[in-house]
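Let us take a walk through this model together. Have the sequence and the coordinates open as you read.

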Amino acid sequence: MNIGLIGYGKMGRDIFALLFDKLADADITVLEIYGAEENTAAVIKTLDKGLRRKKLTQEQYDRKLGAFRFTDKAEDLKDCDLVIEAIFEDIGVKRSAFSRVADVVSDKCLLLTNTSSLSIPEIFENIPHKERCFGLHFFYPVKLSGFTELNILPENTAENIETALRLVSDCGKKPIVFTGKYHIYLNQILSCMVAHAIYLLDTLDVSVSELQAQFSELYPVADAFEVLDSIGLGLMSGDPDNFRISRNEGLLRYSCDKMNKWIAEGCPKEPGSFLGFIGERISDTGNNCDNAALSMTALILNETVNALEDSTENSPELLCEAVQDTLGIAESPAHYYNKYGAEALFAELDRLSAVSGFGSYQHKEKAVWDKYFL
Ligand SMILES: NC(=O)c1ccc[n+]([C@@H]2O[C@H](COP(=O)([O-])OP(=O)(O)OC[C@H]3O[C@@H](n4cnc5c(N)ncnc54)[C@H](O)[C@@H]3O)[C@@H](O)[C@H]2O)c1
């Protein structure tokens, strides 16, 4: 299979590493405007290391050495069976890259965008043969995430959906499918989680480290603030209108305004900058935030129930598993429902809703939660 990858930045590198590692028969052409020589040398260096450490046989090494190339010319993607785009989040640049690629590839070549927020129909607006156009959202770090979102368009054919799902499975990821306003849903619930952490930081008047101490059992690997730090304010503070589920508009706009304020005050937009910036800015206050883990759990479970009621593409089991994996919470949503109980979770949501007016905190009745979590 010939695979094209457009963009070799933070995500492009991770996606390349996954494809290169998992798809033994794939030939990968990377279209990137910078650094073809350096990037080629770095991949060869990794292969050399693999051979030395006996992670690769000589035969596998020889095969891999000829299975990739870097280019800055769209024409070099002409023989691709599918092309994955991982250019930075700019609809104009993504559109023009896909136009150039669509001009050279066959009408059957699948075109997949890794956008984390932009409208997928708008990215492909001017591309003919929409039955081959998809959103394919990998999470960072790609190696560690269990799920990849396949965001489908009404025009996609069953055959093309099948091919895209197989690609995800062959890469060792579980696919989950979303349509319409639920496109890139896992990233939307992740954004709500980060937004709620910011809301708690503000309203409880405590420091990030005080909240992190409360979150430690909920998140075994990376808590909501560490997620924000690893993605970076630049990407997380993008236009909240890009997210299309209206109940979350208020909370997402609130957090977006806050992040843009921090950027204006000097927080770098790049990944790895937030925790240092905020640690210097907000010190421990000693104020009570004992309820923070329950509050975060209430937000996550509530959003999950609302999604389960509203979007029917996935089984409740699959969506709950994907939420747990993507948000990095220690246990399943059902576990936390049993742990805290409906009464305590609803009391917190009612409090948040009354104070903020945000739709994200409005909840369905207990019978609906019981249906999914008991
Ligand atoms: N960063 C994350 O944590 C993350 C997570 C999931 C999804 N995403 C999405 O993945 C995409 C890529 O994000 P990123 O963080 O890797 O961006 P990035 O800025 O790190 O990398 C983008 C790369 O695209 C290259 N590029 C730009 N224009 C190009 C063109 N016309 N042709 C070829 N290459 C071009 C740039 O040189 C750069 O190397 C975005 O849509 C983003 O929303 C990012």
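Which domains does the domain assignment of the chain give? The answer is domain 1 (2–183) and domain 2 (186–373), with bounds that come from an automatic or database domain assignment. Please keep in mind that this is a predicted model, in which local features need pLDDT of at least 70, side-chain atom pairs count only at pLDDT 80 or more, and totals for chains, interfaces and linings use all residues. Residues are numbered from 1 along each chain as its sequence is written.

Taken over C-alpha atoms, the centres of domain 1 and domain 2 are 30 Å apart. Their contact takes 17 residues from domain 1 and 17 residues from domain 2, where two residues are in contact if their C-beta atoms, placed from the backbone, lie within 7 Å. On the side of domain 1 that touches domain 2, strand 7 (147–152) and strand 8 (174–179) are the elements that give two or more residues. Helices (H or I, at least four residues) and strands (E, at least two) are DSSP runs, numbered from the N terminus. Strand 8 gives the most to this side, with four residues.

Leu211 is worth a stop. Leaving aside neighbours within four places in sequence, Leu211 is in contact with residues including Ala197, Leu200 and Cys289. Leu211 is also one of the buried residues of helix 8 (residues 208–215), along with Val208, Glu210, Gln214 and Phe215. These cover an arc of only 165° around the axis, so they sit on the same side of helix 8; the arc is that of the directions from the helix axis to the C-beta atoms. They pack against helix 7, helix 9 (224–231), helix 12 (274–281) and helix 13 (292–310).

Definitions and conventions: Buried ≥ 20, exposed ≤ 12 C-beta atoms within 10 Å, placed from the backbone.
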